[in-house]
Amino acid sequence: MTDAVGRPLEHERAVDAGTPLIEADRLSIEYEKTRERTRLLALYDFTLTVPAGEFLVIVGPSGCGKTTFLSAVAGLVAPTSGSVHFEGAPVRGPGPDRAMVFQDYALMPWRTVEKNVRFGLEMAGRRGPRHNDAVQSYIELVGLAGFEKSYPHELSGGMRQRVGLARALVVDPKVLLMDEPFAAVDAMTREIMQGELARIIQETGKTVVFVTHSIDEALTLADRIAVITSRPGRLQEIIQVDLPRPRYEKDVKASPRYQELREHVWGLLQQEVSQNLRSGVE
Amino acid sequence: MTRDADVDTRSAAGPLSPPVQRVSKDGPRQRFGRLLRSAPGVVLLVVSLVVLIAVWQYAQTRIRAVPPLYLPPPSAIWHALLENFRNGQFQQNIAFSLQNYGVGLAIGASAGVAIGLVTGGIRKVNIILTPYIWALYSTPNIAFQPILIVALGFTPLPKIIMIILGVIFPIIVNTIAGVEKVDGSLLRAARVFGANRLQLYLKVAVPYTVPFIMTGLRLGATRGLLYMYISEIYGSTNGLGYMVLQATHRFQTPTAFAGVVLLVVMSILIVQVLQIVPRFLPHTREAKI
C-alpha cells in the first residue's frame with residue numbers, strides 16, 4: 001500500500017501484528033484543580049492496547065477521560081501512575097509520529113489553508129519541494145483543492161475540519177488521534193465526513209484512535225469499540241465490530257448485526273449514564 | 001456617476017426597483033433617492049454637518065446668541081483658516097507638530113509593542129514590570145513636562161518624549177493582554193505538532209496578539225495627539241497648540257478655532273487610517289466556530 005503522495009508507507013507493518021502500537025498499562029491520570037484545590041481523577045487503572053493499522057473508537061459519557069487518554073498518548077499530559085508506551089517506548093512528550101485532530105479545529109486564523117496544513121512540517125524544519133508536494137497532495141486528498149489561499153474564517157465547519165485532517169496527515173504520523181472531530185459540524189456534513197475519513201484511512205493505512213459520543217459514528221468507523229465508564233474513566237468493554245466495509249451504505253446500517261451491536265453499546269452506555277444521574281455526577 | 005454604475009445599483013436593489021430599460025427616464029429625484037438608500041450613513045452625516053454649520057452661522061451672525069469673541073461664526077473661522085494658510089503660519093506650525101508626532105508615534109509604537117511582547121511572554125519580567133507600567137499609565141504624564149523642559153530646554157525633544165509617553169502605555173497594556181489571552185487550544189495544537197517554547201511564542205502567541213496591538217495602536221495614537229497638543233501649550237514656541245494659545249491671548253478667536261478644526265480633522269484622519277488597516281488582517285475577522 002502507498003500513501004497519498006505515492007510513497008510506500010514507511011511504517012507499514014513495521015510493527016509485528018502481535019506488537020501493539022499503543023499500550024496503556026494501568027494508566028491513571030489526576031488533574032490538579034487549582035481553583036477548587038481538589039484533584040480530579042480523570043483516568044483510573046486504564047489498560048488498553050491498540051495494534052498498528054487498527055481503527056479504534058472510544059465511546060463513553062462526557063467527562064469519562066476519553067480526551068485525557070488521547071492527551072496522554074499525544075504526550076501532552078504525563079501519567080500520575082501506570083504507563084503509556086508508543087512503539088514499545090514510554091511516551092515522554094509530543095512527537096511527529098502522533099498527530100491530532102481537534103474538536104474545535106484549532107486552526108491558526110492568520111494562516112491560509114496551505115499554511116495551516118504546513119504547520120507541523122514547519123515546526124520540524126521540514127521545507128523544500130518534496131514537502132510542498134506533500135502539502136498539496138493532502139489538500140487534494142481531503143477535497144480542498146482550490147481553497148489553498150483561503151483563510152479558516154472563509155470556510156464552513158466541515159471544510160475547517162478537512163484542513164485539520166490534512167494538517168495531521170501531512171506529517172505522516174503513525175497514529176491519528178481524533179478528539180470528537182465531527183462533533184461541531186451539522187448532521188449531514190458529519191455523515192459525509194465519516195465516509196471520507198473511512199476512505200482516507202483505507203488509502204493511507206493509518207492507525208486511528210477516535211473519540212466520540214455517537215454510537216452510530218463508532219459503528220460506522222471502528223474495527224473495535226472501547227466503552228469507557230466515567231469518573232474515574234475505566235475500560236468497561238471492548239467490542240469487535242465485525243461489519244463489512246464500506247459501512248456508510250444503507251444495507252449495512254439496516255443489517256440485524258448492526259442493530260444488535262448498536263443495542264449492545266447503547267445498553268452499556270445507558271447503564272453508565274443512569275448511574276451517573278442517580279449519583280448526580282452529570 | 002457612469003451609466004454602468006447606475007445599472008449596477010439597480011440590479012442590486014431587487015425586484016421593487018423599476019425595470020432596467022427605463023434607466024434613461026430616471027430623473028434627479030430617483031437618483032437622489034437611490035443615493036439615500038445606498039449610502040444613508042454618509043448622507044445623514046453630511047446633512048447633519050451642513051445643518052449644524054448653518055444653524056451656527058445663523059445664530060452667530062443674525063441673533064448673536066453668544067458674543068462672537070467667544071464663539072465666532074463658521075464664516076469667520078473659515079476666513080481665519082484661509083488667511084493663516086495664505087501667510088504660511090499654519091503650514092509651519094502643522095509641520096512642527098506633525099514632525100514631533102510622527103517621531104513620537106513611531107518610537108512609542110515600536111517600543112510599546114516590543115515591551116508588551118517581552119513582558120507578556122516572560123513571566124518574571126511581567127511580574128516585575130506590570131506595577132510600573134500601570135503606575136505610569138494611570139499617572140497624568142503631563143506632570144513630567146516641567147522636568148523635561150528644565151532638563152532639555154525649549155527643543156522638540158521634551159515634546160517628543162511627551163508624545164511617546166502618550167502613545168506607549170495603551171500599546172504596552174493591550175499587547176500584554178493579547179499574549180496573555182492567547183487561545184489555549186491553539187497552543188495545545190501547536191504543541192502536538194512539535195512546537196517548542198520559542199515556536200509557541202513566535203508562531204502562535206505573537207501572531208495571535210496582532211489584533212490587540214492594533215487596538216492599542218488606535219488608543220495610543222489618539223492619546224499621543226492629546227499629549228502633542230498639551231506639550232505645545234506649555235513651554236513651546238511652535239506647533240499647533242502654541243498657535244491656538246497665542247491666538248486666544250491676542251483675542252483672535254477665529255484663528256484659535258481654526259487651529260482646533262485642524263486638530264479635529266487630523267485626529268479623524270488618524271483614527272480612520274488605523275481603523276481601516278486591521279480590515280486587511282485575516283484574523284481580526286470572525287475566525288472561530
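**Reading the views.** Two strands pair if DSSP finds at least two bridges between them. Helices (H or I, at least four residues) and strands (E, at least two) are DSSP runs, numbered from the N terminus. The model is predicted, so local features need pLDDT of at least 70 and side-chain atom pairs count only at pLDDT 80 or more, while totals for chains, interfaces and linings use all residues. Residues are numbered from 1 along each chain as its sequence is written, chains are lettered from A and ligands numbered from 1 in the order in which they are written, and side-chain values use heavy atoms, with hydrogens and water left out.

**View 1. Four strands of chain A form an open, antiparallel sheet in the order E2-E1-E4-E5.** Strands E2 and E5 of chain A are the edges, each pairing on one side only. Strand E1 (residues 20–33) of chain A is joined to strand E2 (residues 38–51) of chain A by ten bridges, and the two run antiparallel. Across this pairing, A:Ile22 stands opposite A:Val50 in E2(A). Four residues lie between the strands in the hairpin of E1(A) and E2(A), where A:Arg37 takes a positive phi near 55°. E1(A) is also joined, by five bridges, to strand E4 (residues 81–86) of chain A, again in the antiparallel sense. Here A:Glu23 has A:His85 in E4(A) as its bridge partner, and A:Asp25 has A:Ser83 in E4(A). Helix H1 (residues 66–74) of chain A lies across E1, E2 and E4 of chain A and runs at about 115° to E1(A) (axes are lines fitted to C-alpha atoms, for helices over the stretch in contact, and angles run from 0 to 180 degrees between N-to-C directions).

**View 2. A second open sheet of chain A has six strands in the order E6-E7-E8-E3-E9-E10, with mixed pairing.** Its edges are strand E6 (98–101) and strand E10 (235–240) of chain A, each of which pairs on one side only. From one strand to the next, the twist averages 20°. Strand E3 (residues 55–59) of chain A pairs with strand E8 (residues 207–212) of chain A in the parallel sense over five bridges. In this pairing, A:Val57 stands opposite A:Phe210 in E8(A). Helix H5 (residues 157–169) of chain A lies across E6 and strand E7 (175–179) of chain A, at about 180° to E6(A).

**View 3. A:Asp97 lies in the loop between strand E5 (89–90) and E6 of chain A.** Leaving out residues up to four places away in sequence, A:Asp97 touches A:Phe86, A:Glu87, A:Pro173, A:Lys174 and A:Val175 (contact means heavy atoms within 4.5 Å). The C-alpha atoms of A:Asp97 and A:Leu176 are separated by 8.8 Å, although these residues are 79 residues apart along the chain.

**View 4. Helix H4 (residues 74–86) and helix H12 (residues 253–276) of chain B have axes that come within 8 Å and cross at roughly 80°.** H4(B) is therefore roughly perpendicular to H12(B) (angles under 35 degrees count as roughly parallel, over 145 as roughly antiparallel, 65 to 115 as roughly perpendicular and the rest as oblique). The residues B:Ala76, B:Ile77, B:Ala80, B:Leu81, B:Asn84 and B:Phe85 of H4(B) meet B:Pro254, B:Thr255, B:Phe257, B:Ala258, B:Val261 and B:Leu262 of H12(B). Sorted by class, this contact of H4(B) with H12(B) has ten nonpolar, two polar and no charged residues (Ala, Val, Leu, Ile, Met, Phe, Trp, Tyr, Cys and Pro count as nonpolar, Asp, Glu, Lys and Arg as charged, and the others, Gly among them, as polar).

**View 5. Helix H6 (residues 123–138) and helix H8 (residues 156–180) of chain B pack at an angle of about 145°, with their axes 10 Å apart.** From H6(B), B:Asn126, B:Ile133, B:Trp134, B:Leu136 and B:Tyr137 meet B:Phe169, B:Pro170, B:Ile172, B:Val173, B:Ile176 and B:Glu180 of H8(B). The contact of H6(B) with H8(B) has nine nonpolar residues, one polar and one charged.

**View 6. Helix H9 (residues 184–192) and helix H10 (residues 197–233) of chain B pack at an angle of about 155°, with their axes 10 Å apart.** H9(B) and H10(B) are therefore roughly antiparallel to each other. In the contact, B:Leu186, B:Leu187, B:Ala190 and B:Arg191 of H9(B) meet B:Leu200, B:Val204 and B:Tyr208 of H10(B). By class, the contact of H9(B) with H10(B) has six nonpolar, no polar and one charged residues.
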